[in-house]
Amino acid sequence: MPTSTEIPVYHPDLYSASAIRDTYPHYAALRHLGPVVWLSKHKVYALPRYAECKQVLLDDQTFISSGGVALNPVANRVGQGTTLFSDGDDHARRRSLLAHRLTPRALRTMKDMVDEQAVAVVEAAVAQRTVDAVEVATPCRCPSSPTWSAGPGRAASTCCAGPAPPSTPWARSTASRYAHFPRPSA
């Protein structure tokens, strides 16, 4: 007779204001519970550990993205036809169109511009004690965009997927410059 493995359940709401303000204890609790955890508030499974996430992301035959990757049906509907919401050959084709713009070499060309934008965003947030992420993200002058142009009278991008992951040395140094600013009060 086959044995069943009981999936641990996590009851807190990961999208509550308090959880969003202090995510790390939730992430640690999820990792402690196991490689697969049922999120009862959201009625989905979570993979809180790196190895399982990597395994799932590399298995696009079993775990498809084209049906949606968000926990909200509106986002899943709006995301259709994008790289994130694609699989197989379609995903490979879409990714090949973007990949050369997201290499470390291509991203290095944006360092100064991103640093300037980061300084401006943080200074404004500190002065106002609030941040609207949508307002901050658009418009975003992003040289990796197909519509970017530094020349006068030329179009500039109004969308940016982000310049580089926080693991890059210059992103870490930019973030560390602002670590001393006070966090907004709850």
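Colleague: What share of the 186 residues in the chain is made up of buried residues?

Modeller: Keep in mind that this is a predicted model. Buried residues come to 19% of the 186 residues in the chain.

Colleague: Okay, and how many helices and strands does the chain have?

Modeller: There are 9 helices and 3 strands. Starting at the N terminus, the elements go β-α-α-β-β-α-α-α-α-α-α-α.

Colleague: How do I read the sheet, and in what order do the strands sit?

Modeller: The general idea is that strands of a sheet pair through backbone hydrogen bonds, either parallel or antiparallel. Here, 3 strands make an open sheet with mixed pairing, in the order S1-S2-S3. Strand S1 (9-10) and strand S3 (44-46) are at the edges with a single partner strand each, so one side of each has no neighbour in the sheet.

Colleague: How many bridges join S2 to S3?

Modeller: Strand S2 (residues 37-39) is joined to S3 by 3 bridges, and the two run antiparallel.

Colleague: Now the core. Which residues make up the largest nonpolar core?

Modeller: The general idea first: in soluble globular proteins, nonpolar side chains tend to be buried together. In this model, the largest nonpolar core has 6 residues: Tyr10, Leu14, Leu30, Val37, Leu39 and Ala46. Follow Ala46 for a moment. Leaving out residues up to four places away in sequence, Ala46 touches Pro35, Val36, Val37 and Leu39.

Colleague: Where is Pro8 found?

Modeller: Pro8 lies in the segment before S1. With residues up to four places away in sequence left out, Pro8 touches Leu33, Val36, Val37 and Trp38. Take Val36: 28 residues separate Pro8 from Val36 along the chain, yet their C-alpha atoms are 7.4 Å apart. For the chain, among contacts between residues at least 6 apart in sequence, 39% join residues at least 24 apart.

Conventions. Residues numbered from 1 in each chain as written. Predicted model: local features only at pLDDT ≥ 70, side-chain atom pairs only at ≥ 80, totals over all residues. Heavy atoms only, no water. Pairing = 2+ DSSP bridges. Helix = DSSP H or I, 4+ residues; strand = E, 2+ residues; numbered from the N terminus. Core = buried A, V, L, I, M, F, W, Y, C linked by side-chain atoms within 4.5 Å. Buried < 20%, exposed > 50% of the residue type's maximum accessible area, 1.4 Å probe, protein only. Contact = heavy atoms within 4.5 Å.
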